[in-house]
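Here is a short report on one protein chain. Look over the sequence and the model before reading on.

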Amino acid sequence: MHIAEGYLPPLHAAAWTVAAAPFVVHGARCVVREVRERPESRLLLGAAGAFTFVLSAIKLPSVTGSSSHPTGTGLGAVLFRPPVMAVLGAVVLLFQALLLAHGGITTLGANVFSMAIVGPWVGYAAYRACLAVGLPFPVGVFAALSLSDLSTYVVTSVQLGLAHPDPSGGVLGSIGEFLGIFALTQIPLAIAEGLLGVLVFRILARIAPEELGLLGLKAALPGPTDDGGPTARATTTSSSTENRPDRSGA
C-alpha cells in the first residue's frame, strides 16, 4: 500500500480517483450526519482517524513503488460502518502524502480505494459474518482488522499488476508476483493488527462504555460478572436509545 507518486500511469491514476470519489463524498455526508445526530461520538471519530493515521504511518519497505504497513481502518469500520472510513481514510492518506511522503497525490485515489474503501467493507463484512454465526465479539473484531488489512494489499496488488504487467505472465502473472511479495510481510502484520484491535476495544469498553452503547456496540461491553462498572453506566444510556438499530449483531 501507499503506491508512490508517479508509479501509476496517468490513465490508471485518474480511473482509480474517479472510482473512489463517490465513496468519499458519501462518507463525508455520513460523518456530518453522525456528528449532528450523536455529537458525543466526535471523540471516537477522532480516535478512529488517529488510530488509522498512526498504524498506517508505520512504513516497512516492500516492492518497488510501495510499502507494507498496518492500515487501522477496521477499527473505524466496526465503530461507525465503512462509509465513514472512506473520508477518514482519504484525509489520513492525504496528510501522509503531504507530510510524510507516504504515497502520492496522483496515486491518492488508488490508495484511498484500496485502504479506505475496500479494506473497511471487507473487514466489516467479516465482522458481521462472525457475529451472525454466533462467534464472540473479539473474534469479529480480530477478523475485521486483519482482513481489512489483507484485502487492502490484495487490491494494491491488482492495481500494480494492471499498471505493470509481467513481460511473460501478463497482468495475472504480475498480480501473482505482487501478492507473493506482499504476503511475506502483510500476513504477520494483519495478525498483529487484529490482536491490537481486540485490545483497543477492551480499553474502549472500560473508558467509553456510554459511547459504545450509543453506537449499538453492546457486545463490546463487559458482562455484569466482570466488574459491573461499565455495563451499569451504559444501561441508562442504552435505554434511552433502544429504538436505534443494534449494530453489534447481538
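## Contacts along the chain

Among contacts in the chain with a separation of 6 or more, 74% are between residues 24 or more positions apart. Keep in mind that this is a predicted model.

## Overall make-up

The chain holds nine helices and two strands. Along the sequence, their pattern is α-α-β-β-α-α-α-α-α-α-α.

Of the 250 residues in the chain, 51% are buried. The chain exposes about 10900 Å². Carbon and sulfur atoms supply 71% of that area.

## How α1 meets α4

Two packed helices are described by the angle and the distance between their axes. Take helix α1 (residues 10-37) and helix α4 (residues 82-100): their axes come within 7 Å and cross at roughly 105 degrees. Angles of 65 to 115 degrees count as roughly perpendicular, so α1 is roughly perpendicular to α4.

Which residues make the contact? Helix α1 brings Phe23, Val24, His26, Gly27, Ala28, Cys30 and Val31. Helix α4 brings Pro83, Val84, Ala86, Val87 and Ala90. Ten of the residues in this contact are nonpolar, two are polar and none is charged.

## Nonpolar cores

In soluble globular proteins, nonpolar side chains tend to be buried together. Here, the largest nonpolar core has 33 residues. Those with the most contacts inside it are Leu79, Phe80, Tyr127, Phe137, Phe201, Leu212 and Leu217. The elements giving two or more residues to this core are α1, α2 (42-56), α3 (73-80), α4, α5 (108-132), α6 (137-163) and α7 (170-207).

Methods: Residues are numbered from 1 along each chain as its sequence is written. This is a predicted model: local features need pLDDT of at least 70, side-chain atom pairs count only at pLDDT 80 or more; totals for chains, interfaces and linings use all residues. Side-chain values use heavy atoms; hydrogens and water are left out. Axes are lines fitted to C-alpha atoms, for helices over the stretch in contact, and angles run from 0 to 180 degrees between N-to-C directions. Helices (H or I, at least four residues) and strands (E, at least two) are DSSP runs, numbered from the N terminus. Angles under 35 degrees count as roughly parallel, over 145 as roughly antiparallel, 65 to 115 as roughly perpendicular and the rest as oblique. Contact means heavy atoms within 4.5 Å. Ala, Val, Leu, Ile, Met, Phe, Trp, Tyr, Cys and Pro count as nonpolar, Asp, Glu, Lys and Arg as charged, and the others, Gly among them, as polar. A nonpolar core is a set of buried Ala, Val, Leu, Ile, Met, Phe, Trp, Tyr and Cys residues joined through side-chain atoms within 4.5 Å. Buried means under 20% relative accessible area, exposed over 50%, partly exposed in between (1.4 Å probe, protein chains only). Accessible areas come from the Shrake-Rupley method with a 1.4 Å probe; for residues, only the protein chains shown count as cover.
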